[in-house]
Amino acid sequence: MNNKKIRVLVVDDSAMFRTVLSNALTTAPDIEVIGTAVDAADAKVKILNMKPDVITLDVEMPKMNGIEFLKKLLPIHKVAAIVVTASAVEAFEAISAGAVDYIKKPSRDEMFTFGRRLQNLVRTAATAKVGLGNQRASETTAKSLRHSMLNISRNTNKIIAIGASTGGTDAIQVVVENLPKTTPGIVIVQHMPAGFTKMYADRLNRVCQMEVKEAEDGDIIRQGLIIVGAGEFHLRVKRNGALYSVESRRGDKVSGHCPSVDVMFESMAQNAGANGIGVILTGMGADGAKGLLQMKQKGAFTIGQDEASCVVYGMPMVANNMGAVSKQASLQSIAGILIEKLR
């Protein structure tokens, strides 16, 4: 039995918040806070000397902010970083700079749930791949994707559903950013807090060929549109005759999450059947695996991200092990597989 604790360095310029983070982590028997740092320079020295498994990192710090620190640090020292921020924009920038994950700064009444979530993120980060590098499609591949679906019928009744968790904000972008406007409607569930999903949808909308928006109850799923499930709202696919739409409603957590990938995939199985295509990407845990199996059993084509390209090979691994995946593929190749399947 492995009794080795996960060694964490807390980096924050606020003495109060260093205490909050340290206290939240030290209640976990498998986590040890080995030290704290007050800024980037202090953190660099302590990372070199203490060799933590994971660091928690504030973004707003004097002299050098957390994102710039990540950009300078990670090419040299592959340490798993969890960014602590109140800003969705900063969170996504940090992920792009190499952070494994982020956590939203808590209000007073969120302290208990914050502590438990932070502990779970530290456990995930300790097993994550750090420094996978830029996994964007090459420009040649991107151009090919943008021109490859000119012959797809505008009346296609296919729907693509994508689910992800840790590492998913960047992974989803890699899959969808070069898909042409003629691509059938896409629904996405990425584990993300309320407020952050709107910012994420807006971020994708700026870089994608397709239109991207946060889910609203009753949205019609149509060609050229990507709908991102709202934080704290389950996203379900509904069918009314030839039309598909989304139901976006609050509910209890399913498979530990709201929104839940299982909820979305199960609704795809029930209402889209063989017209569905399911994609499960990087993430810790098993959310989405059972739902993807239901999709496959109803005739849908399903794709699972492979281990080598996953930040955390959890959700796709469970799905693959239970026979829910029709094809395993690297992150960079998934968009091309989708196009070929649709053609």
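Gln305 sits opposite Ala329 of strand 15, in a model that is predicted, with local features needing pLDDT of at least 70, side-chain atom pairs counting only at pLDDT 80 or more, and totals for chains, interfaces and linings using all residues. Numbering starts from 1 along each chain as its sequence is written, and side-chain values use heavy atoms, with hydrogens and water left out. Strand 14 (residues 301-305) runs parallel to strand 15, the two pairing over three bridges; pairing here takes at least two DSSP bridges between two strands. Strands (E, at least two residues) and helices (H or I, at least four) are DSSP runs, numbered from the N terminus.

That pair belongs to an open sheet of seven strands, ordered 8-10-7-6-13-14-15 with parallel pairing. Strand 8 (211-214) and strand 15 (327-329) are the edges; each has a single partner strand, so one side of each lacks a neighbour in the sheet. From one strand to the next, the twist averages 20°. (Axes are lines fitted to C-alpha atoms, for helices over the stretch in contact, and angles run from 0 to 180 degrees between N-to-C directions.)

Helix 10 (residues 289-297) lies across strand 13 (276-280) and strand 14, at about 150° to strand 13. Helix 12 (residues 331-342) lies across strand 6 (159-164), strand 13, strand 14 and strand 15, and runs at about 170° to strand 14.

The loop between strand 13 and helix 10 holds Asp287. Asp287 is buried but makes no salt bridge, and Lys290, the nearest side chain of opposite charge, is 9.5 Å away. Buried means under 20% relative accessible area, exposed over 50% and partly exposed in between, with a 1.4 Å probe and protein chains only. A salt bridge puts a Lys or Arg side-chain nitrogen within 4 Å of an Asp or Glu carboxyl oxygen; for charge, Lys and Arg are positive, Asp and Glu negative, and His and the chain ends are not counted. What Asp287 does have is a polar contact of 2.7 Å with the side chain of His191, and its side chain also reaches the backbone nitrogen of Asp262 at 3.0 Å. Polar contacts are N or O pairs within 3.5 Å; within protein, one atom must be able to donate a hydrogen and the other to accept it, and residues adjacent in sequence count only if both atoms are side-chain atoms.

Elsewhere, strand 12 (residues 243-249) has five of its seven residues buried. Strand 11 (residues 234-240) pairs with strand 12 in the antiparallel sense over seven bridges.

Key. Contact means heavy atoms within 4.5 Å.
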